[in-house]
Amino acid sequence: MRIKLAKTAGFCMGVQRAIDMALRTAETTTDGKPIHTCGPLIHNPQAVAELESKGIRSIADWRPVAEGTMIIRAHGMPIEEIGEMRARGLTIVDATCPHVVSSQNRIKRASEEGYFVVIVGDPRHPEILSLQSFAPGNHQVISSVEEVALLPEVPKAIVIAQTTFHEKQYDLIAKAVSERISDCRIVQSICKATSNRQAEVERLASEVDVMVVVGGRDSANTRRLAEIAEARGVRTIHIETADELDPSFFRGAETAGVTAGASTPAWITRSVIERLETFSS
Ligand code: SF4
């Protein structure tokens, strides 16, 4: 079976930067105080386990933490929570991705200028929770064209997307908002690392018999890649590690495409390819 690996597979700049910052923090923290991330630093359980072995622990709730360092992950965090952490005396290492910071700043500025903020994304995603905090009481999160009808009557609005949102879906939603609100500014906030990856998986899916998408099940951008491949009608499997590969899935396939989410370490993708190379068609 021939294997085609997507050029865009693997860590994006924001994830690499967050991991580098976390590892540097672990190396330079000598006071014995704990180092935490509030939620996994990236949506990849294997990478999180690796960080844990270096003393960087992921916790679900930062509030019981009394001391030490808190690393803010690439998705960012609600601004008021970061303020509370500082007030408590925790050392903050802010690894929020610069693209997310840019969205936060756009939202803050627009809200201060009187624009209502329409945030397009998954309302439970940490990035969205962070973005919302920059326009308190002056925003709405939507994720479909149907939800545009639920927006309040406002004179002017900006529309901004989660950095990992599906590009084509965003275009449709933004268009629907601009038809509803005449003074409407649409922000192109989808990260290129995401859109390039999505465009490549779409191309790759049309050239192969099966697609393997590698990455955390909780990773929004990885799940999106699998959805795009499936929508192209190609047999697709989303796995976290090589152990989940079942040879029967690949029976009859001559070419397999492989891509990986922005938070998937290269060593995991490599082990998937090594395993696939042992399968015959
Ligand atoms: S996908 Fe883009 S926005 Fe998200 S962390 Fe990576 S570089 Fe940043």
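Contact here means heavy atoms within 4.5 Å. Helices (H or I, at least four residues) are DSSP runs, numbered from the N terminus.

**View 1. Helices α7 and α8 meet.** Arg197, Gln198, Val201, Glu202 and Ala205 of α7 are in contact with Asn221, Arg224, Leu225, Ile228 and Ala229 of α8. Sorted by class, the contact of α7 with α8 holds five nonpolar, two polar and three charged residues (Ala, Val, Leu, Ile, Met, Phe, Trp, Tyr, Cys and Pro count as nonpolar, Asp, Glu, Lys and Arg as charged, and the others, Gly among them, as polar). The model you are looking at is predicted, with local features needing pLDDT of at least 70 and side-chain atom pairs pLDDT 80 or more, while totals for chains, interfaces and linings use all residues. Residues are numbered from 1 along each chain as its sequence is written, and side-chain values use heavy atoms, leaving out hydrogens and water.

**View 2. How the two helix axes cross.** Helix α7 spans residues 192–205 and helix α8 residues 220–231; their axes come within 9 Å and cross at roughly 30° (axes are lines fitted to C-alpha atoms over the stretch in contact, with angles from 0 to 180 degrees between N-to-C directions). The two helices are therefore roughly parallel, a term for angles under 35 degrees.

View 3. Domain 2 covers 13–95 and domain 3 covers 99–186, with bounds from an automatic or database domain assignment. Their C-alpha centres are 28 Å apart. Here 10 residues of domain 2 are in contact with 10 residues of domain 3.

How values were computed. Angles under 35 degrees count as roughly parallel, over 145 as roughly antiparallel, 65 to 115 as roughly perpendicular and the rest as oblique.
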